[in-house]
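Dear colleague,

Please find the structure for your reading just below, followed by some notes on what was found in it.

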Amino acid sequence: MSANLVIIPTYNEKENVEKMIRKVFSLETPFHILIVEDNSPDGTAAIVKKLQNEFPEKLHILERKGKLGLGTAYIAGFKWALEHDFEYIFEMDCDFSHNPDDLERLYKAVAGGADVAIGSRYISGINVINWPLGRVLMSYFASMYVRIVTGMKIMDTTAGFKCYRRKVLETIDFEKIKLIGYGFQIEMKFTAWKFGFNIVEVPIVFTDRKEGTSKMSGGIFNEALWGVMKMKMRSWFREYKK
């Protein structure tokens, strides 16, 4: 079994999923891919299953009943990764907003000693392409807000392009992760930070999706805003012992 698993949640990604799978498998570092598929009506699952004939050992699919939230998709993927003995577990979007070439750089960061490597839009200025200014500012100030509330020094607290060393996911109790939208990304980083894991940020350039439709909504930001405050308060009553 390869050491590296890339978890990619999908919902209506038929325009992107085949290109993404082929691109990841073309990289120099060997990766397995787990598609966590939320019953897309556009036939995303059928495309993945057809490609499994071409990549039977490396391409895996986990099908769910419906759209159950980003956080639950990743947690399902994390549990699968731990059951199948992967050492480095990556999260990334299917829409090419995360450049698959950067998987190599995240891999080098964890292979070089980091416990969590974050593909960071804000560690070297603001590296976002094709986003309206309002969304850039909302994302940037959301990260600043999270830093103020939590005390974390992470510049890109909402980033969804990451690599975890296995021991981090073994340490975190997924039942205690309460945020399921984009707040999930914050809570996972916060929990790893509270446990004292070594978190590094790797600068990336984030490019907004060219094909398919965005899953972003106002409710997602609301959850992050109030959820972060509740998360911080819950942490006062928890022990973080490895």
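**Aromatic rings and their surroundings**

Both Trp80 and Phe86 are buried, where buried means under 20% relative accessible area, exposed means over 50% and partly exposed lies in between, computed with a 1.4 Å probe on protein chains only. Please bear in mind that this is a predicted model, in which local features need pLDDT of at least 70 and side-chain atom pairs count only at pLDDT 80 or more, while totals for chains, interfaces and linings use all residues. Residues are numbered from 1 along each chain as its sequence is written, and side-chain values use heavy atoms, with hydrogens and water left out.

The structure holds 13 aromatic pairs, a pair being rings of Phe, Tyr or Trp (its six-membered ring) with centres within 6.5 Å, called stacked if the planes are under 30 degrees apart, edge-to-face if over 60 and tilted for the rest. Trp80 and Phe86 are a stacked pair, because their ring centres are 6.1 Å apart and their planes stand at 20 degrees. Tyr140 and Phe141, by contrast, form an edge-to-face pair, with 5.8 Å from centre to centre and 80 degrees between the planes. Tyr140 is partly exposed, at a relative accessible area of 22%, and Phe141 is partly exposed as well, at 45%.

Two charged residues also lie over rings, which requires NZ of Lys or CZ of Arg within 6 Å of the ring centre and within 35 degrees of the ring normal. Lys58 lies over the face of Phe25, at 4.4 Å from the ring centre, and Arg121 lies over the face of Phe206, at 5.3 Å.

**Helices H3 and H7**

The axes of helix H3 (residues 70–83) and helix H7 (residues 183–194) come within 8 Å and cross at roughly 50 degrees; helices here are DSSP runs of H or I with at least four residues, numbered from the N terminus, and axes are lines fitted to C-alpha atoms over the stretch in contact, with angles from 0 to 180 degrees between N-to-C directions. H3 and H7 are therefore oblique to each other, since angles under 35 degrees count as roughly parallel, over 145 as roughly antiparallel, 65 to 115 as roughly perpendicular and the rest as oblique. On the side of H3, the contact (heavy atoms within 4.5 Å) is made by Leu70, Gly71, Tyr74, Ile75 and Phe78, and on the side of H7 by Phe184, Gln185 and Met188. Tyr74, Phe78 and Phe184 also belong to one aromatic cluster, together with Tyr164 and Phe174.

How values were computed
Helix = DSSP H or I, 4+ residues; strand = E, 2+ residues; numbered from the N terminus.
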